[in-house]
Amino acid sequence: MVSTIKQHIALISVHGDPAIEIGKEEAGGQNVYVRQVGEALARLGWHVDMFTRFSSSEQSTIVQHSHNCRTIRLQAGPKEFVPRDNIFEYLPEFVEQLIKFQKQSGITYRLVHTNYWLSSWVGMQLKKIQGVKQVHTYHSLGAVKYKSVTTIPMIATMRLATEKAVLETGDRIVATSPQEKEHMRSLVSSKGKIDIIPCGTNIDRFGRVSREEGRQKLGIKPDSKVVLYVGRFDRRKGIETLVRAVGRSQLRGKEDLQIIIGGGSRPGESDGIERDRIEGIVEELGLREMTTFPGRLDRDILPFYYAAADVTVVPSHYEPFGLVTIEAMACRTPVVGSDVGGLQFTIVPAETGLLCPPLDEVAFANAIDRILSNPEWGQKLGQAARKRVEKMFSWDGVASQLGELYSNLLQQTAVGLQKVGA
Ligand code: UDP
């Protein structure tokens, strides 16, 4: 019986704390995914514990999100922010602490769903020590990432080996798009079981604000042409391409063009440095007057920004899925995105938005202009975008697909145990 199999599961996200504020350098899609999947699974009756590491001594050990869903922080290395490339050495401590937590609390997890390669290593250890079932979501693939970066970090060899090992030994790998599955097969390994279950979004939160309400709330004039970016300040997000594209727009000087670049940053840290660099380009291109940087946008205000925009731009060099795209689409805003990874799955060209080659500022300028100069078409794209999200990308739909997968895997164990006992 599937329902009796709903039990304690652990979502493991060593570096992406599901309980912290989103929009800063290391807090983005993964944190949102884990938190939303966790809460949606709990609504379906699972008991969900989400494990992450302390990244400050001021954080509490347990954050209860809803009746059956909580974040639990474990000590792994110093209780301070550690960049993800430096976390690996603290993983054995994380495993130890997780096992200790289970002993002390009397809870046994029969299934763990790990997120990002660091957590996959933790899951593989737990599988060896405790025989748990492991489901894994990559969020980002080293094999793809290192193709597009000039300096390859020391940790790359370990990461690539771990990513291959979990694909081959995990009970199931979740690819969030057909494109990601294809990359796993062509760049990582031909072995292992992969299911495609996409990321989701909250279709009630994103989509309840009209364009007029959004503009009124943010003080944007009805006839302004608004181009929006939402996300982390990271070079690979391609914000520079967006800024240079708007700099080339044919509508410049003819229409009231506005660029909004939303996302958090910390002065002196890598995201703060990228923001300064982007501000420098804005200045150099003479776009200062038309550009605003509202900083980190919280979940309550975000729907107003998406709704107010004429077009949301996702100019990433690579994107395994890209939550911002489906959030904007849920708000009936067309998206111009890079023709890469998950964006090829979420955006249907000329139906819900447009795709451009990454880093191609001329192509982005043309695509943005095409939408801005034809508002009726823009609205049509937005309506179709909303329909696509409703059909394919709600968190509740995603969680029920994941829940079914877990149940099937746990049932296999139950049958296996019965056989052993027989
Ligand atoms: N985000 C946010 N506030 C901000 C910037 C980003 O809430 O100021 C959220 C955004 O809404 C999305 C997530 O951070 O849910 C970014 O996810 P995405 O998959 O687009 O990019 P990633 O950060 O994983 O590269």
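Author: Buried means under 20% relative accessible area, exposed over 50%, and partly exposed in between, with a 1.4 Å probe and protein chains only. This is a predicted model, in which local features need pLDDT of at least 70 and side-chain atom pairs count only at pLDDT 80 or more, while totals for chains, interfaces and linings use all residues. Residues are numbered from 1 along each chain as its sequence is written, and side-chain values use heavy atoms, with hydrogens and water left out.

Reader: How many disulfides does the structure hold?

Author: A disulfide is a pair of cysteine sulfur atoms within 2.5 Å. The structure holds 0 of them. For C69, the nearest cysteine sulfur is that of C199, 17 Å away. C69 is buried, with a relative accessible area of 0%. C199 is in no disulfide either, and its nearest cysteine sulfur, that of C331, is 17 Å away. C199 also counts as buried, at 5% relative accessibility.

Reader: Into which domains is the protein chain divided?

Author: Domain bounds come from an automatic or database domain assignment. Here domain 1 covers 3-200 + 394-421, and domain 2 covers 211-392. Their C-alpha centres lie 30 Å apart. With contact meaning heavy atoms within 4.5 Å, 27 residues from domain 1 and 20 residues from domain 2 take part.

Reader: What area do domain 1 and domain 2 bury between them?

Author: The size of an interface is often given as the accessible area lost when the parts come together. Buried area is that loss, taken with a 1.4 Å probe and summed over both parts. For domain 1 and domain 2 the value is about 2,100 Å², 59% of it on carbon and sulfur atoms.

Reader: How many salt bridges are counted between domain 1 and domain 2?

Author: A salt bridge needs a side-chain nitrogen of Lys or Arg within 4 Å of a carboxyl oxygen of Asp or Glu. The count between these two domains is 0.

Reader: Which helices each supply at least two residues of the side of domain 1 that touches domain 2?

Author: Helices are DSSP runs (H or I, at least four residues), numbered from the N terminus. The helices in question are helix 1 (29-43), helix 4 (142-145) and helix 6 (178-188). Helix 6 gives the most, with 4 residues.

Reader: Where is E274 found, and is E274 buried or exposed?

Author: E274 is in helix 9, residues 270-284. E274 counts as buried, at 5% relative accessibility. Not counting residues up to four places away in sequence, E274 touches F233, D234 and R235.

Note on methods:
Buried area is the accessible area (1.4 Å probe) that two parts lose on being put together, summed over both.
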